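These are my notebook entries on one structure.

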Amino acid sequence: MSRARKIGLGVGGGIIVLLLVLVLVIYNQTRRPFPKVRGRVDVVGLQQPVDIYRDEYGIPHIYAQNEHDLYFAQGYVHAQDRFWQMEWWRHVGQGRISEIAGSGTVEFDVFIRTMGWNRLAEKTLAYYEQEEPEYVALLQAYSDGVNAYIEANRKSLSLNITILGLVNDKWEIEPWTPLNTITWGVVMADDLSGNWNSEVNRAKMIQALGEAQVANLLPGYPYENRPVTVPTDAMPFLDSTTPTTPTSQTPIDWHNIQTNLVGAIPPDGFAFGADLFVGSNNWVVSGEHTSTGQPLLANDPHLGIQMPSIWYEIGLHAPGMDVVGFSFAGAPGVVIGHNNHIAWGVTNTGPDVQDLYIEKINPNNPRQYEFRGEWQDMTVHEEIIKVNGGDDVVLEVLETHHGPIISDLVDDSKDLLAIRWTAQEPSRVLQAVILLNQAQNYADFRAALQYWDLPAQNVVYADIEGNIAYQMPGRIPIRARGNGLLPVPGWTGEYEWEGWIPYDELPRLFNPAEGFIVTANHAIVDADYPYLIAVNWADGDRGERIIRMLEAAIANGGVSIEEIARIQNDNYSLLAESYQPLFRGLSSNDAQIQAIIERIRGWDLQEHRDSVPAALFEIFFMHLVNRVLADDVGAEHVNTIYSSIFFHQLANQPGAVWWNDRNTPAQETQQDIVLLALADTRSWFEANVSKNINDWTWGSLHTATFVSAPLGQSGVGPIERIVNRGPFPADGGRNLVNANSWRWSDPAAVAGHVSMRMIVDMGDFDASLAVIPTGQSGHPYHKHYDDMIELWLNGKYHPMLFSREAVEGAAATHLILRPANK
């Protein structure tokens, strides 16, 4: 053998050894954070032993002998599986993202600190300490469980922490506190009830287009052909003398208002997703219409896509508590689920609980503002933002009696915007969740929800006695004047909040004659309801489709669990239903355009991943909207001014002026613009997919990628592949029951998704079904990190077990936590 060959073999052998060592190191590092789920662990702080059974998907059921140990163990289990998610979320909630991620996220922290999420959480904690100390004890028990896990596993908490510690400076892993849990509630409230940006956008549109044009393009809710959950005539409990709030508004010089805001918001929001992608479906059907003879309850919230799942499935069992469902890692209790007597599901109401006030600033003292003819001193907060690898950023926040100034302070000559928000009062939502978990009947259910201040939700209900119900809880302001659509004068005192809609006058239903209740972010009340909850609602497509399918099932003999699953995974487009008739008499001399027309004409309107017509319609509609609006409002304003309600109406208005292109001398018709949009569609597919129409499937565009923050957004491919999963071709779309939504700026990657699905059988809890999109674990490469993705993609479920017999019978692991001092 030659010497060169020997050297080559030696070097090659050395490389192989090094590679093997590297593989072993990586293997060890990825698995070090995996939690112990079998055997026994001695834990300081427990009072008595706790049993934790996990099924084949890693879903834990905790059996404790007292309330303290139950919440202690829940904190411990959350930290076992999701500590990185908890660590990231608490830094988000406190405006301390840059302590982990560095200078690139300072603008996010500036926004959060300006809004005062950290200060609002402190106010709520102070309320609990003074008024409800038993809930502070509960929060402390939960925190102690988290901290017990942190202290025992400080060097192996998460692969994400290890990687971030290599690329950035390490940060201190602090003990978990009750404040961290409460802060998460503020994040939830902002992402699910924040509408201040719609006020800013509307003001900017008025600046650019004028009030009349904006009013035409943003029509109100179509009450004539879309559902209303609780019509006013179904609320005999209302006080008929309640006056309606005047909605007229003082004329405003919009050009003199600083609408550029301080800080920045991530495109997909901070936790739950951006406005476009936040929604949900829920419904409940009386036993008189079900195959089981008992109520069936369904829920599927729609939130921003992420890794791991927003939700963590869990069962909590102790004296006085027997509940299973969906929790947030970082908070005790079950947010959505059922106990041994009742079940509940939630969707976002979308009330208007934020108002922007235009503040006139004293030209001689920028820390004073005018109110009712007098200069008032602002409150000044100094916020220190620490930056990983960089210098501290000192932020001065100014606050009027309305709330913090959120305008960017760059032009002293302009009026500024301050935000008033219901979260500026202490929140009692934690109290509501715990009482809801313990509720045994409808009266208990309503009593619990009176504490659900924010975010306001549509809560459907069923119980083992056969009752079904609906309650909207929430702290909704009563305005002296105005409708919340635009910023209002803050200096006059005419637009102040005068209190809250009384809980007993908020919408509710109990055993309605229809035998079912549906909410899908559509209008909860009609125009006759005496209080203002919101002006803008979702377009009603999802609610309308669910009602149609339920009525058809009832007419065919009753609603089964299988039928509910079919409804939850329904991909039918009512928007396409409005536009498909336009293709019936349409033709083109271009053979390929004609082929597209015929595909859409013969389509079943279901947006399945293998459907070519679904892809054709969605990309066609994207181009159609641009063709219709860009000449009137400017291409830069199309996304902001777009309204699906307007386009539903426009489909039936062939003579509308909007069809004409103002940039050409010709007078275009509806058919002309449709054909031009079809030509745009073909060009787009040829440039982005291929020239073969058979390749143009919906799943080739509409893909779900589950992204872990912040590493999954790093732009470093090898790191992103460690923590992210996907892309996966996915069914569904915007405004569909299976609401896997996407942006026109990134066709058609899923940005908002169905964040879980639940079906509860009130006649047999162990027959209930559920699924989350990813898996229970937050540890990359753990078998439960991504083991539900295929279930979720394919409309499948796992058993949502409840009885101890079923739980123990399906247990894959059993862990016993024991008091360390016993």
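**Entry 1. Terms and conventions**

I count Ala, Val, Leu, Ile, Met, Phe, Trp, Tyr, Cys and Pro as nonpolar, Asp, Glu, Lys and Arg as charged, and the others, Gly among them, as polar. The model is predicted, so I take local features only at pLDDT of at least 70 and side-chain atom pairs only at pLDDT 80 or more, while totals for chains, interfaces and linings use all residues. Residues are numbered from 1 along each chain as its sequence is written, and side-chain values use heavy atoms, with hydrogens and water left out. Helices (H or I, at least four residues) and strands (E, at least two) are DSSP runs, numbered from the N terminus.

**Entry 2. Cavities**

I searched on a 1 Å grid over the protein atoms alone, where a cavity is a set of points at which a 1.4 Å probe fits but cannot get out; lining residues have an atom within 4 Å of a point. Grid points are joined across faces, edges and corners, and a volume is the space filled by probe spheres set on the points.

The search of the whole structure returned 7 cavities of 30 Å³ or more. I noted a volume of about 300 Å³ for the largest cavity. Its lining has 23 residues, and the closest to the centre are Thr181, Gly185, Met188, Val429 and Leu430. Which helix supplies the largest share of this lining? It is α8, with 7 residues. At least two lining residues each come from α5 (117-131), α8 (178-193) and α11 (429-438). By class, I recorded 18 nonpolar, 4 polar and 1 charged in the lining of the largest cavity.

The second largest cavity holds about 130 Å³ of space. Of its 15 lining residues, Leu192, Phe272, Trp311, Val346 and Gln457 lie nearest the centre. Two or more residues of this lining are given by each of α8, β4 (279-285), β5 (296-304) and β9 (342-348).

**Entry 3. Backbone geometry**

I found a cis peptide bond between leucine 454 and proline 455, with omega about -5°. Proline 455 sits in the loop between α12 (442-449) and β17 (457-463). Another cis bond joins proline 747 to alanine 748, with omega about -10°; alanine 748 belongs to the loop between β26 (741-742) and β27 (750-754).

Asparagine 511 has phi near 45° and lies in the loop between β22 (508-510) and β23 (516-519). For tyrosine 781, phi is about 80°, and its place is the loop between β29 (769-771) and α22 (789-793). For accessibility, buried means under 20% relative accessible area, exposed over 50%, and partly exposed in between (1.4 Å probe, protein chains only). Asparagine 511 counts as partly exposed because its relative accessibility is 35%. Tyrosine 781, at 39%, also counts as partly exposed.

**Entry 4. Strands**

I take two strands as paired if DSSP finds at least two bridges between them. An open antiparallel sheet of 3 strands has the order β11-β12-β13. Its edge strands are β11 (361-362) and β13 (374-377), each pairing on one side only. β11 is joined to β12 (residues 365-371) by 2 bridges, and isoleucine 361 has tyrosine 369 as its bridge partner in β12.

Why is β16 (residues 416-421) described as largely enclosed by the rest of the structure? The reason is that 6 of its 6 residues are buried. Leu416, Ala418 and Arg420 are buried on one side, and Leu417, Ile419 and Trp421 on the other. Strand β10 (residues 354-359) runs antiparallel to β16 and is joined to it by 6 bridges; glutamate 359 stands opposite leucine 416.

**Entry 5. Cores and a covered helix**

A nonpolar core is a set of buried Ala, Val, Leu, Ile, Met, Phe, Trp, Tyr and Cys residues joined through side-chain atoms within 4.5 Å. The largest has 243 residues, and Tyr579 and Phe621 touch the most other members. Helix α17 (residues 612-633) gives the most to this core, with 14 residues. Apart from it lies another core of 8 residues, among them Phe371, Leu398, Ile405 and Ala418.

Lastly, I examined helix α14 (residues 561-568), in which 6 of 8 residues are buried. These are Ile561, Glu563, Ile564, Ala565, Ile567 and Gln568.

Key
1 Å grid on protein atoms, 1.4 Å probe; cavity = no way out; pocket = protein on both sides within 12 Å on 5 of 7 lines; lining within 4 Å.
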